[in-house]
Every structure is written in structure tokens, then in C-alpha cells.
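Subject: Structure for your files

Hello,

Here is the structure I said I would pass on. Please have a look at it before you read my notes below.

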Amino acid sequence: MVKLTEQSCEACQAGAPKVSADEQQALLPELPGWEVIELGGEQQLQREYRFRNFAEAQVFTNQVADLAESENHHPAILLEWGRVTVRWWTHKIGGLHRNDFIMAARTDSLFESCQAD
């Protein structure tokens, strides 16, 4: 099976299929620390990342923003002292698409590279 980080996002149109409950259960084990939440009637993937200070959290936030811009797929990002909360979902379909799981995995890769510095 190809890892989520190695998969490509596809252009998503309104009406694209949301991931099913079975697909979610199959994909979530690849995303430790992520949870499916519901906000405003829409399912979203959410994870909180911890840092030693605000500056490190800000660097990570900027990296996530750059990743999002490169894929034209934008999450909600909350930057606080020592932590960053990221939420991925697909606005056009009002819920979760496979792209959100791919982007969550890539966000984890960014975090791992921040921790290695």
C-alpha cells in the first residue's frame, strides 16, 4: 500500500465524494494523533502539535501554510504559544475527502522535520 505522504492530491470539485466511514477507519491508523471532529455539521481532521516556544510554533505554521498554498488546499491553523492546531477538510464538499488525509500526513512529515532540527 502506498503511504499517504507519497500520494497525490486530486483536484476536488463540488459534489466530489466524501470518504466513507469505512475509508476513514482504514486511513486513520496512518495518522496517529489525528481525530475526526465535527464543526458546523462538517467532519474535519484535527491535530494539535506541541513546541518549546512561540517561535518554533510559528516556523511550523508557516511551513504548513506554504504546503497548503502549493496544493491550493487550505486548512484552519491556530497558532498559540507552544502549540499549533491544524484542521483539514474540504470546503467544497463540506466534509472529508481523501486529499485531507494526504495533507494531514504531509503535515505530520513537516512536524517530524521540525523536531529533527
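With which side chain does the side chain of glutamate 42 make a polar contact? The partner is the side chain of tryptophan 89, at 3.0 Å. A polar contact here is a pair of N or O atoms within 3.5 Å; within protein, one must be able to donate a hydrogen and the other to accept it, and residues adjacent in sequence count only if both atoms are side-chain atoms.

Before the rest, some conventions. This is a predicted model, in which local features need pLDDT of at least 70 and side-chain atom pairs count only at pLDDT 80 or more, while totals for chains, interfaces and linings use all residues. Residues are numbered from 1 along each chain as its sequence is written, and side-chain values use heavy atoms, with hydrogens and water left out.

Overall make-up

The protein has three helices and four strands, arranged α-β-β-α-β-β-α from the N terminus on. Helices (H or I, at least four residues) and strands (E, at least two) are DSSP runs, numbered from the N terminus. Of the 117 residues in the protein, 44% are buried. Buried means under 20% relative accessible area, exposed means over 50%, and partly exposed is in between (1.4 Å probe, protein chains only). The protein exposes about 6600 Å², with carbon and sulfur atoms supplying 49% of it; these areas come from the Shrake-Rupley method with a 1.4 Å probe, and for residues only the protein chains shown count as cover. If one takes the contacts (heavy atoms within 4.5 Å) between residues at least 6 apart in sequence, 68% join residues at least 24 apart.

The sheet

Four strands form an open sheet in the order S1-S2-S4-S3, with antiparallel pairing. Strand S1 (35–39) and strand S3 (76–80) are the edge strands, each pairing on one side only. Two strands count as paired if DSSP finds at least two bridges between them. On average, neighbouring strands of this sheet are turned by 30° against each other, direction ignored. Axes are lines fitted to C-alpha atoms, for helices over the stretch in contact, and angles run from 0 to 180 degrees between N-to-C directions.

The pairings are as follows:

- S1 and S2 run antiparallel and are joined by five bridges. Glutamate 35 stands opposite glutamine 46 in S2, and glutamate 38 has glutamine 43 as its bridge partner there. The two strands form a hairpin with two residues between them, and glycine 40 in the turn has a positive phi of about 60°.
- S2 and S4 pair in the antiparallel sense over six bridges; glutamate 48 has threonine 85 in S4 as its bridge partner.
- S3 and strand S4 (residues 83–88) pair over five bridges, again in the antiparallel sense. Isoleucine 77 stands opposite valine 86 in S4.

Helix H2 (residues 54–71) lies across S2, S3 and S4 and runs at about 165° to S3. In the loop between H2 and S3 sits asparagine 72, which has a positive phi of about 55° although it is not a glycine. Asparagine 72 is exposed, with a relative accessible area of 62%.

Back to glutamate 42

Glutamate 42 lies in strand S2 (residues 42–50) and counts as partly exposed at 23% relative accessibility. Neighbours within four places in sequence aside, glutamate 42 is in contact with Ile37, Trp89 and Gly94. Its C-alpha atom is separated by 9.2 Å from that of threonine 90, 48 residues apart along the chain.

Aromatic residues

Rings of Phe, Tyr and Trp (its six-membered ring) pair if their centres lie within 6.5 Å; planes under 30 degrees apart count as stacked, over 60 as edge-to-face and the rest as tilted. By this rule the count comes to six aromatic pairs. The rings of tyrosine 49 and phenylalanine 111 have centres 4.8 Å apart and planes at 45°, so this pair is tilted. Tyrosine 49 is in strand S2 and phenylalanine 111 in helix H3 (residues 98–116), so the pair ties together parts 62 residues apart in sequence. Tyrosine 49 counts as buried at 1% relative accessibility, and phenylalanine 111 is buried at 14%.

Phenylalanine 51 and phenylalanine 111 form an edge-to-face pair, 5.5 Å centre to centre with 85° between the planes. Phenylalanine 51 is in the loop between S2 and H2, 60 residues apart from phenylalanine 111, and is also buried. Trp34, Tyr49, Phe51, Phe60 and Phe111 form one aromatic cluster.

Regards
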